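Reader: Please zoom in on a single part of this structure. Give me the overall setting first, then the close-up.

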Amino acid sequence: KPGDTLTQLDMIALLASVEGYIYDGATQKETDELYEHAYALGLVTPETRDEDRAVTRGELVKLILDAAGFGRIAALEGIFRCDFADANDIGSADMGYAALAQGLGLVNGGSGGVYAPARQATRAEAVAMLYQYMK
């Protein structure tokens, strides 16, 4: 269901699978173990766990780049710029992530050239961004 909204659980399972973690979601115990793995990786905390919460495009980019080790660089403020049509709407705390996402080819902005960080991400977008990163 690539057009479905990406949930936190979907994203955690996808990122964990990159490291060879196998999750089939058959039992609550397996889901709890997946989240324990995600906590260890620093992807989420027990306080932010919300399996059905929709993930925005901005959160998706942050999760991918943080998992890839770019978080400290992306967090530097005042040194990044990007060419998205909605660049003026991207907060200074998120500009590093947007610029890195554009530079690494994770997000191209589609036909409108927008980053759209607040829009809910789809499963297809998550796979496409992760694929672009892994290329």
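**From fold to close-up**

Author: Start with the contacts, meaning heavy atoms within 4.5 Å. Among those in the protein between residues at least 6 apart in sequence, 65% join residues at least 24 apart. This is a predicted model, so local features need pLDDT of at least 70, side-chain atom pairs count only at pLDDT 80 or more, and totals for chains, interfaces and linings use all residues. Residues are numbered from 1 along each chain as its sequence is written, and side-chain values use heavy atoms, without hydrogens or water.

The protein has six helices and zero strands. These are DSSP runs, numbered from the N terminus: helices are H or I with at least four residues, strands are E with at least two. From the N terminus, the order reads α-α-α-α-α-α.

Now the dimensions. Along the principal axes, the C-alpha atoms fill a box of roughly 45 × 30 × 30 Å. The radius of gyration, taken over C-alpha atoms, is compared with a globule rule of 2.2 Å times the number of residues to the power 0.38. For 135 residues, a compact globule would come near 14 Å; the protein has 15 Å, which agrees. Buried residues, those under 20% relative accessible area with a 1.4 Å probe and protein chains only (exposed is over 50%, partly exposed in between), follow this definition. They make up 39% of the 135 residues.

Next, the close-up: an aromatic pair. A pair of aromatic rings is described by the distance of the centres and the angle of the planes. Rings of Phe, Tyr and Trp (its six-membered ring) pair if their centres lie within 6.5 Å; planes under 30 degrees apart are stacked, over 60 edge-to-face, the rest tilted. The structure holds three such pairs. In one of them, tyrosine 35 and tyrosine 39 have ring centres 6.1 Å apart and planes at 55°, so the pair is tilted. Both tyrosines sit in helix H2 (residues 28–41). They are four residues apart there, so about one helical turn separates them. Tyrosine 35 is buried, and tyrosine 39 is too.

Alanine 99 is buried, at a relative accessible area of 13%. Leaving out residues up to four places away in sequence, alanine 99 touches Phe80, Arg81 and Cys82. Aspartate 83 is 16 residues from alanine 99 in sequence, and their C-alpha atoms lie 8.1 Å apart.
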